[in-house]
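User: I would like to go through some labels used for this protein. Please set each one against its rule.

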Amino acid sequence: MPRTIIVGLDGSPESRAAADWAAREAELRGLPVKLVQVWEPVPAPMAQAPLLGSETDQRWTGRSERGSTPAEDWRRILRESAEALRPRHPGVRVTTGQLTGSPAETLVDAAEDAELLVLGSRGLSGLGGFLVGSVGHAVVAHTERPVVLVRAGEQAADENATDGAGIHSAGTAAGPVVLGLDIAGPDEALLEFAFEAAARRNVPLHVVHAWNPPPYYAYGTALEPAVEREMAKGDVVVLSEVLRPWREKHPGVKVVERSHYGSPSLLLIDASQEASLVVVGRRIRRSAVGAHIGIVTQAVLHHAVAPVAVVAHA
């Protein structure tokens, strides 16, 4: 059976943007979409409490102005979201599902059998960036399936709205897919995801690699220009060699190599201004201290203005 693109829906503008993005991605991949809501039951200590505060009681047991319970309102949001999505994407099979449990843990479990998990992230006060809440952060940190975070806004909503030739309906070229790549440990799953994303969209792939001087330069004087040029040349050669087999595997994808001195986080955030999708990796680490997202990926999630795909890899 084909995998499904799953969207975590909570009725917010961000989750609705995530649903639209997922439906467009489903069209490109020829896959179905499933909108899921996670209903968190009344916490046991609260259920046993003799007296609940009015706001807490309303959150789990109260009725809205239309006389419906919160659970009924959530079912309505799920139904209406699916009904709104189907006519806009008639070629995509849209289903719904309600799950019960801790939102983060339940979404991680749901993602195990998914092709992709798509979530909404709230923008920061009108400025470029994501506000990755505890649920989104936990899901990204723990799932081993690719996760895409989408914010509400024109760039997130329209990045795939092309005429089939990679051109937006307004006549402007679709933005490139941007890949953040560590040439010291390039992962095949990350590279494959980025190349396939660019191929589906018929847009260029911009591969961003940032390099810093060795640690012994950190507290010393600035690099001599000649030294910096020689170090840059070495990284450019390695980057080209890493990408060579992938260029051969995807000859239709135009690849732009961008190897620069500086912070990888800042370079990727800057590149997101023109991107249709930013792809970053998360190394899977199983340890007693818990999951880890990584400094660069964390920064991109919080500050990129385009949708961000996080691909977990070994």
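This is a predicted model: local features need pLDDT of at least 70, side-chain atom pairs count only at pLDDT 80 or more; totals for chains, interfaces and linings use all residues.

User: Why is tyrosine 261 called partly exposed?

Analyst: Its relative accessible area is 42%. Buried means under 20%, exposed over 50%, and partly exposed in between, with a 1.4 Å probe and protein chains only. So tyrosine 261 is partly exposed.

User: What makes α5 and α6 a contact, and which residues make it?

Analyst: Contact means heavy atoms within 4.5 Å. From α5 come Pro103, Ala104, Leu107 and Val108; from α6 come Val135, Ala138, Val139 and His142. By class, 7 are nonpolar, 1 is polar and none is charged. Ala, Val, Leu, Ile, Met, Phe, Trp, Tyr, Cys and Pro count as nonpolar, Asp, Glu, Lys and Arg as charged, and the others, Gly among them, as polar.

User: What is in the lining of the largest cavity, by class?

Analyst: The lining has 5 nonpolar, 1 polar and 2 charged residues. Among those that line the largest cavity are Val140, Thr143, Arg145 and Arg282.

User: Which strand gives the largest share of that lining?

Analyst: Strand β12, residues 308-313, gives 3 residues. A strand is a DSSP run of E, at least two residues, numbered from the N terminus.

How values were computed: Residues are numbered from 1 along each chain as its sequence is written. Side-chain values use heavy atoms; hydrogens and water are left out. Helices (H or I, at least four residues) and strands (E, at least two) are DSSP runs, numbered from the N terminus. On a 1 Å grid over the protein atoms alone, a cavity is a set of points where a 1.4 Å probe fits but cannot get out, and a pocket is an open set with protein on both sides within 12 Å along at least five of seven lines; lining residues have an atom within 4 Å of a point.
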